[in-house]
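Visitor: Hi, I'm new to this one. Could you show it to me and let me ask a few things?

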Amino acid sequence: MIFARRSNTLLDEILITNERLDRVAERLDQITEQQNQTDKQLVLLAERFDQMVNSQIALQENVNQLTVLWTGLAHQAEQDRAVMRQILEYLRNRYPGNDRSTE
């Protein structure tokens, strides 16, 4: 009788332990699935970050090219103004008095 009670108690404990182990196994499966999803999201995030970095590099190159272009244009404009001043000075010397307004 004592053996039967102890056997039943041990069997109950084994069943309870098995149920707990099943719940733990299910929870571990859920955690594993969540971890896999997180890993996939991290891979996507890393890819997007790489794309962003590459876009930033391309943008910086474009800005540098524009800076060179605008610097060249500003330099050319200054040269053009100098030539125009020379032409204006030449015309003033050649046709004195024409730059005054008549009253």
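Visitor: Let's start with Tyr90. How exposed is Tyr90?
Guide: This is a predicted model, and in it Tyr90 has a relative accessible area of 48%. Tyr90 is called partly exposed because its 48% lies between the 20% and 50% cut-offs.

Visitor: Okay, and where does Tyr90 lie?
Guide: Tyr90 is part of helix α1, which covers residues 2-94.

Visitor: Now something else. How many salt bridges does the count come to?
Guide: The count comes to two salt bridges. In one of them, Glu78 pairs with Arg81, with the closest N and O atoms 3.0 Å apart. Glu78 also meets Arg85 in a salt bridge, at 3.5 Å from N to O. Through shared partners, Glu78, Arg81 and Arg85 are joined into one network.

Visitor: How far apart in the helix are Glu78 and Arg81?
Guide: They are three residues apart in helix α1, about one turn of the helix.

Visitor: Why do Glu78 and Arg81 count as partly exposed?
Guide: Glu78 has 39% relative accessibility, and Arg81 also has a relative accessible area of 39%. Both are partly exposed because 39% falls between the 20% and 50% limits.

Visitor: Stepping back, how many helices and strands does the protein have?
Guide: The protein has one helix and zero strands.

Visitor: And what is the span of the C-alpha trace?
Guide: The C-alpha trace spans about 135 × 30 × 10 Å along its principal axes. The radius of gyration is 43 Å, whereas a compact globule of 103 residues would have one near 13 Å.

Visitor: What share of the residues is buried?
Guide: Buried residues make up 0% of the 103 residues. The accessible surface of the protein is about 10000 Å², and carbon and sulfur atoms hold 58% of that.

Visitor: Last one: how many positive and negative charges are there?
Guide: The protein has 12 positive and 16 negative charges, and their mean positions are 5 Å apart.

Conventions. Residues are numbered from 1 along each chain as its sequence is written. This is a predicted model: local features need pLDDT of at least 70, side-chain atom pairs count only at pLDDT 80 or more; totals for chains, interfaces and linings use all residues. Side-chain values use heavy atoms; hydrogens and water are left out. Helices (H or I, at least four residues) and strands (E, at least two) are DSSP runs, numbered from the N terminus. Buried means under 20% relative accessible area, exposed over 50%, partly exposed in between (1.4 Å probe, protein chains only). A salt bridge is a side-chain nitrogen of Lys or Arg within 4 Å of a carboxyl oxygen of Asp or Glu. The radius of gyration is taken over C-alpha atoms; the globule rule is 2.2 Å times the number of residues to the power 0.38. Accessible areas come from the Shrake-Rupley method with a 1.4 Å probe; for residues, only the protein chains shown count as cover. Lys and Arg count as positive and Asp and Glu as negative; His and the chain ends are not counted. The place of a charge is taken as NZ of Lys, CZ of Arg, CG of Asp or CD of Glu.
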